[in-house]
Structures are given as structure tokens and as C-alpha cells.
Amino acid sequence: MTKTLVTAGDRRIQRTTLPNGLTVLTERMEHLRSISMGVWVKTGSRDERAEVNGISHFVEHMVFKGTKNRTAQRIAREMDSLGGNLDAFTGKETVCFNVKVLDEHLEPSLDVLSDLVLNPIFAGEDIQREQGVILEEIKMDEDNPDYLVHETFMQNFWKDHPLGKPILGTKDTVRSFDHATLSDFYGGHFRGGNLVITAAGNLQHERLLDLILQRFEGLAGGETALEAATPEPRSRIVLKQKKALEQVQLVMGVPAPKIADPSRYCGFLLNTVLGGGMSSRLFQKVREERGMAYSIGSELNSFRDTGTLCVYAGTSKANVSQVIRLTIEEFRRLKTEPVPEEELQRAKDQLKGNILLGLESSSSRMSNLARQEMYFDHFFSTQEIVENIERVTVEDVQLMAQSLFTTEAVAVTVLGNLPGLKVTRDQLVC
């Protein structure tokens, strides 16, 4: 067993690796009364084979349906009796099962959490029932235009690559899941080397480690192979007809750096200036000055080997061409005109506030530990984060804009009642 005291400025982080490869990370926050814990699987939907697309998300649901020791009802009652919150989510590159409780309930909450992760039974009748639930979830998302336009964009941007596949899977793949399929997937992914347990709050590392050893020491070791191929982005123009919508939904995006790229802070600031808040260029120009959209903004999505910077807007069909033109103008202006120092400093202050305020709860620290372990193999102090943000220059932002915003790179997806609407590459000249 390997134990390490991690130095990260004002952060009190300890790290232990069990013989089976499972990593345990804790951060002590003794001024709190809460503890947040998460069991993280280091693979997600992008690491699934095409024929079982959606299985990570399905397994995430199924562990709550009963274990060798607890029924679904007992799981719910035990957590309610602790006054805690038990939850889970599936992403493109991870699955997380997490709990937040008062510090006095550390042991019973870990007992429930570990039981979910280690002892699911995947009963046949529960599988059939959950297939119905997730098929309804797929329908619900298809009825959500904001979700649907982003999903359509990703599927076309990374066409034929697992990163572009939906996290929920498809109706056909979900219907195909059975006990044998789930058990095979579970056995291959829920292994010591593929799991990280993180915890933050008013806790002692050694106490938590003893409790984890009692429950996870017998877990098989080994790691799960990750999706090796980096996806090739495709700058397609896609118009998807959906008559029932009152608005047209628009996503415009370009490839962006991977999550651990040294230039990531520059990317954060470029995104903040472009569309990261109410004072951003797109929000001010498209919504405040022109009144063409209620929702308008940009978002940086990063993964282990690639990323996207996307602009989203909901507007009327008559304004689509204008919104595209105004967005391209801002791409072009970021390339040709240095961002004024005052505007960049405002973006830095906004970004620092967003990041540092987001680290004030035990749950956010717990998640932050997992991300830094899985992607960076380094734990950043708040001072390091501030220094990295402040280090970005006007020239850095302009060079990144010149690198990202090229005519050939821009991909567009438009969703809505679209007869007569055209979007051409000539409209995307940066």
C-alpha cells in the first residue's frame, strides 16, 4: 500500500493506493460539518463498444435497484434516515457514485455507497423495468431542443467515433441489455485499477482508509483499456428539421485543446470573453444590443485528448443568418484585434471567482480531487490557479483565437422548422 501526503499550498490532501490499484484521496476541511464521498470509474460512454452504447449509464441506474444486501427501498430509506444525499451520474469519460452526509454519518453512508458499487445483482425484472425508464429518458431528451441540438452537433462533429455517441445509448442498444451483458461489462470495468475514491470534508484520512479497506480490499485488481483513438473533428453544416419548435436552435463549434493542455487557462479566458457571461461579447451584442436571442453564450468542453469550443443560441428563423454573422464577426475580431487589457482583466477576475467560489463546498472539492487525479496527476493549490490565470497575456488570447477560429474548422448544427433556410461555408469565413 502506497501512502502520500500531497503538497498543494493551503490544501490538506492525502493519497493512498491499495494493492489492488484502487486510489483513495482525501482533503480535510475541518471547518465543515459535512463529508462528500465519491466512487469514480475512470471510463465512460466513449470507452464503450458501439453495440453496447449506453451501458455505462444503464449500469449506473441499475446499482440503485438492489444489491445482495439491500433492496432499492432499503437503500432509499437508509439514506433518508441519515439526512444525506445519494446520487450518481455518467459522463463521456467517467461514472461517479457519490454521497454527501453529516460528518457523524461517515461509516453508515460509506456502507451504503460501497454496497451499491460492489454488490449489484442486476435482477431480470429490474432490467426490464429500467429499460422502460431509460427509453422514456431518451424520449424526454429528444423533446428537449437545447439538449437535442448539442447532441446532434456532437454526433456529427465526432462522427463514427465513440466520443460522439450519446451517453444514454440508443433505443436499440438499451433494449438489447440483459443480465449477462451487464455482468460482463461490470466485471471488466469495476476493478481496483479503474476506480478512484475521493472524499472531502471534516474527516480523517486514516479512519476513512480503514473503512474502505474493510469493504474494497477484496475487489479484483486490473485496469480497463481506454478508447485509444483520438477523434478527427468534422466541420460539417447540419440542418435538422423539427417542425414543432417555435425557435431555431443553433450550435457553432471548433476543435479546442484537451483538458490537460498547458494552454487551457488561455482557453478558459477566450471562452469567457466570447460568451462566458452577461458581460461577454456575444451576450452584449446579440441579446442586449440586437434583441435577437434570450439564450446566447459559449462553452468550452474538454476531454482527455481533445475538446470543443461551442457557441449556442436560440433565436427565430428570420434571425439565424444574422446570429451566425455576428458570431463569425466576433471570431474574426478576436483574431485580428488584441483584447483590451481592461476586458481581459475583467475576464480573469470573473474566471477566478467562478473557480474559487466553486471550491468552497465539500462536494466540489471531492469532485476536484477526482478530476485532478484522473487528468493531471497533480493537485493545484488555489494560489497556483490564480497565478496561472493571471499569467495569460493579451497576445496569448489572440494567438489561440487565430489557431482555433478558422473557416475550415467551424462546424454548425441548426435545429428547428427550417424550410427555406440555408447555411453555407461562405457565411463562416473567419
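Predicted model: local features only at pLDDT ≥ 70, side-chain atom pairs only at ≥ 80, totals over all residues.

Biologist: Which residues is Ala256 in contact with, leaving aside its neighbours within four places in sequence?

Modeller: The C-alpha atom of Ala256 lies 9.7 Å from that of Phe303, a residue 47 places away along the chain. With the neighbours within four places set aside, the contacts of Ala256 are Leu300, Thr306, Gly307, Thr308, Leu309 and Leu404.

Biologist: Now the open spaces. What is the volume of the largest pocket, and which residues are the closest to its centre?

Modeller: The largest pocket takes up about 1400 Å³. Its lining counts 43 residues. The closest to the centre are Ile259, Leu300, Asn301, Ser302 and Arg371.

Biologist: Which element gives the largest share of that lining?

Modeller: Several elements give two or more residues to the lining of the largest pocket, including β5 (85-90), α5 (145-157), β10 (296-302) and α12 (341-357). By class, the lining of the largest pocket splits into 20 nonpolar, 16 polar and 7 charged residues. The largest share, 8 residues, comes from α13.

Biologist: And the second largest pocket: how many charged residues are in its lining?

Modeller: The second largest pocket holds about 390 Å³ of space. Its lining has 21 residues, and Glu151, Gln155, Pro166, Gly169 and Thr170 lie nearest the centre. Sorted by class, there are 6 nonpolar and 7 polar residues in this lining, and the charged ones number 8.

Biologist: Which element supplies the largest share of the lining of the second largest pocket?

Modeller: Two elements, α4 (124-142) and α5, each supply at least two residues of that lining. With 6 residues, the largest share comes from α5.

Biologist: Which elements give two or more residues to the lining of the second largest cavity?

Modeller: The second largest cavity has about 30 Å³ of space. Its lining is made up of Phe153, Asn156, Phe157, Arg234, Arg236, Val238, Ala411, Val412 and Thr413. The elements that give two or more of these residues are α5 and β12 (411-416).

Biologist: How does that lining divide by class?

Modeller: Arg234 and Arg236 are among the residues that line the second largest cavity. The class count for this lining is 5 nonpolar, 2 polar and 2 charged.

Biologist: On to helix packing. At what angle do α3 and α8 pack?

Modeller: Helix α3 covers residues 106-118 and helix α8 covers residues 205-216. Their crossing is right-handed. The axes are 10 Å apart, and the angle is about 35°.

Biologist: How many nonpolar residues are in the contact of α3 with α8?

Modeller: From α3, the residues that meet α8 are Leu106, Glu107, Leu110, Asp111, Ser114, Val117 and Leu118. On the α8 side, they meet Arg207, Leu208, Leu211, Ile212, Arg215 and Phe216. This contact of α3 with α8 has 1 polar and 4 charged residues, and the nonpolar count is 8.

Biologist: Where is Asp377 found, and what is its phi?

Modeller: Asp377 is exposed, at a relative accessible area of 62%. Its place is the loop between α13 and α14 (382-391). Although Asp377 is not a glycine, its phi is positive, at about 55°.

Conventions
Residues numbered from 1 in each chain as written. Heavy atoms only, no water. Axes fitted to C-alpha atoms, helices over the stretch in contact; angles between N-to-C directions. Helix = DSSP H or I, 4+ residues; strand = E, 2+ residues; numbered from the N terminus. Left-handed = near helix turned anticlockwise from the far one by under 90°. Contact = heavy atoms within 4.5 Å. Nonpolar A, V, L, I, M, F, W, Y, C, P; charged D, E, K, R; others polar. 1 Å grid on protein atoms, 1.4 Å probe; cavity = no way out; pocket = protein on both sides within 12 Å on 5 of 7 lines; lining within 4 Å. Points joined across faces, edges and corners; volume = space filled by probe spheres on them. Buried < 20%, exposed > 50% of the residue type's maximum accessible area, 1.4 Å probe, protein only.
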